[in-house]
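How do two chains of a model meet, and how are two copies of a chain related? The paragraphs below take these topics in turn.

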Number of protein chains: 6
Amino acid sequence: MTETHATKTHASPTPLERGEALSQRLNPDLRAVLEARYDGLVPGFTDTLIEFAYGRLYAREGLDLKTRQIATVAALTALGGQTGPQLKINIDHALAAGASETEITEVIFQMAVYGGMPAAINGLNAAMEVFAARAA
Amino acid sequence: MTETHATKTHASPTPLERGEALSQRLNPDLRAVLEARYDGLVPGFTDTLIEFAYGRLYAREGLDLKTRQIATVAALTALGGQTGPQLKINIDHALAAGASETEITEVIFQMAVYGGMPAAINGLNAAMEVFAARAA
Amino acid sequence: MTETHATKTHASPTPLERGEALSQRLNPDLRAVLEARYDGLVPGFTDTLIEFAYGRLYAREGLDLKTRQIATVAALTALGGQTGPQLKINIDHALAAGASETEITEVIFQMAVYGGMPAAINGLNAAMEVFAARAA
Amino acid sequence: MTETHATKTHASPTPLERGEALSQRLNPDLRAVLEARYDGLVPGFTDTLIEFAYGRLYAREGLDLKTRQIATVAALTALGGQTGPQLKINIDHALAAGASETEITEVIFQMAVYGGMPAAINGLNAAMEVFAARAA
Amino acid sequence: MTETHATKTHASPTPLERGEALSQRLNPDLRAVLEARYDGLVPGFTDTLIEFAYGRLYAREGLDLKTRQIATVAALTALGGQTGPQLKINIDHALAAGASETEITEVIFQMAVYGGMPAAINGLNAAMEVFAARAA
Amino acid sequence: MTETHATKTHASPTPLERGEALSQRLNPDLRAVLEARYDGLVPGFTDTLIEFAYGRLYAREGLDLKTRQIATVAALTALGGQTGPQLKINIDHALAAGASETEITEVIFQMAVYGGMPAAINGLNAAMEVFAARAA
């Protein structure tokens, strides 16, 4: 039975509620920004993203939030290309989760081994833009 | 001046020596395995990899080794495809750096948001193979 | 309010329930196979995948299921690399959704324009394996 | 024999002629735009693209043009990165082939499962730009 | 006019005929192997590949065939993942076009800068398999 | 012994010194530009890049520099996406290594087979920008 199963796995808050709480902590404006931009075109877009990414994945136990965010910065750097805007958002989230600027640039530079030098360089450029925007 | 510059940035051990020390700590057989397989075909292969990846990147200050290895597992999962064998090696290195099996499967599953579900599933399959081999 | 929001967007069945119903239609064994393989290692894995992929995305209105599955075959072909096992599963799902073998090989071959010739060739190889397994 | 083979497979119009007819239907300006931009630098560029993509692939039987274009939008969304400009062109071609705006945003959103959330978000941004340009 | 245009750009042999001649030179069995494997499932597959890849691209003037094949080995190495089988075929073609084994391993190793270390390592593994098969 | 090993493989100049000499030849401003932009944020960044990419890879024997640069242009075109800025720099380096504009556009166009048409088109756009900037 799915429902029983779901009930057993997650206590009382639904995945959407847990995602809501976590995304608020990392980025209080996230829901409002996403809803305004995407929910007219794609009804339910924001619920889907928050439920899946934050409620079903980031809110899990077993790995602390700061390490999760550093790992996301690493992966988005290595993927490069289509992930530029999301990399900047997640650098902000990593800082919100307690990572230092140095921890962020270090993990980005390390990605030169896996994503190649261009990936690392573009990641550093993104970090510089985020740091500059926060300093301003 | 390059030499002066190099001297200033890194104290006494060369990047190759620092890489050697760190790769020994994570994986004592790494140099021997790589040399036997690649250095006949590509002279200097092993020195290049150890100097660059371990001496110039993993050995840097500013981010602890365990988090570096968890971030590498994340990135290799998200990249998928051509990185299967390296993902398994780095899951082993992450365990050697102090990560738990749960921390590893958690960061792999989280990559579903960025690399897609197939990337996460293939990463979990790789982790299961590594854990089973170590248990055997 | 999240809950109000969720209630407004989706009527009575939860995303997990809708995903359950749809995945059963495409592949009656999917939940059992995924649970047996992944839920011990990653509690809640199967619920997450079924809720997100089938409940939140495939079950949406606005595009028929057959076209959705053909589009997925196209995308997995173009992505190539890490998506080989998932491509085969989705070729099966596309047939279950009413696509013909020809529609499947046609959309795979078309991907030569976007993912390159190797992607198309590997996709055709995957289709040949699936068709042969079903014929057996 | 190649020629005999070619003759047998395709009736009288050459692949280039069939591509010409189809690309005119989807996008009457395509040849002129491509020739003006690329054929000076790379003689034969436009013939190659039209013959291969439209004459040899899109013009094939076995899958209707609308589904072909929806599948291309899906694949370009999942590939992301380097395919931004081509995604916008193919959203236009999908509309020309009879797809609705909703069918297009639905297939883009679905790609979150395979290309990750960033791919889906960037694809929706591209669709919003195309729809806005057409409305203007 | 397309036909006039086509006539002007390419003298007398058609793109398919030029591709046929060049692919025979690099790999006399290529057509037979491809036809036997793919043309039943996808009529015209082999003509499309030979016309496009060899007739429209490799047969062009302006860059010698050996450099073209070395560049292809480089690109397939950097892309990695889905291009493994094609990398091996093109290592064979590069040797047929006059490249030495050393030139091939050198260009593969160089790709570590752009595709990352895993790409270079997997490319070297592919080269070792091809060289061993030819020596046997 | 690592040191003995390193000594045996490379004569007297260190990898960093050899990289310095080669990068100066291809691009006299490279060190200054990279240091000014990245070394404050990531100490040692420029040494790492020059030592690894130019000292450990491009400076190797066994393949001439011009072919190495043409191969890099090919790979960056095929990778696309995150490599746009680096593609332009390497088109400049390929010209500095003796490649003609035609050799560059030819190898870029050829990548349509492996990276897909969008990759080739975006690569040609990059080449056009570089050629125009040099002509100005």
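Predicted model: local features only at pLDDT ≥ 70, side-chain atom pairs only at ≥ 80, totals over all residues.

Between chain E and chain B, 3 residue pairs are in polar contact, both residues at pLDDT 80 or more; a polar contact is a pair of N or O atoms within 3.5 Å, where within protein one must be able to donate a hydrogen and the other to accept it, and residues adjacent in sequence count only if both atoms are side-chain atoms.

Residues are numbered from 1 along each chain as its sequence is written, chains are lettered from A in the order in which they are written, and side-chain values use heavy atoms, with hydrogens and water left out.

The contact (heavy atoms within 4.5 Å) takes 17 residues from chain E and 14 residues from chain B. The area buried between them is about 1,400 Å², and carbon and sulfur atoms give 70% of this; buried area is the accessible area (1.4 Å probe) that two parts lose on being put together, summed over both. In chain E, the residues that lose the most area to chain B are E:Phe109, E:Met117 and E:Met128, together 35% of what that side buries.

Chain A superposes on chain B by a rotation of 180 degrees with 0.0 Å of shift along its axis (RMSD 0.0 Å), by least squares on the C-alpha atoms of residues with pLDDT of at least 70 in both. That is the relation of a two-fold axis.
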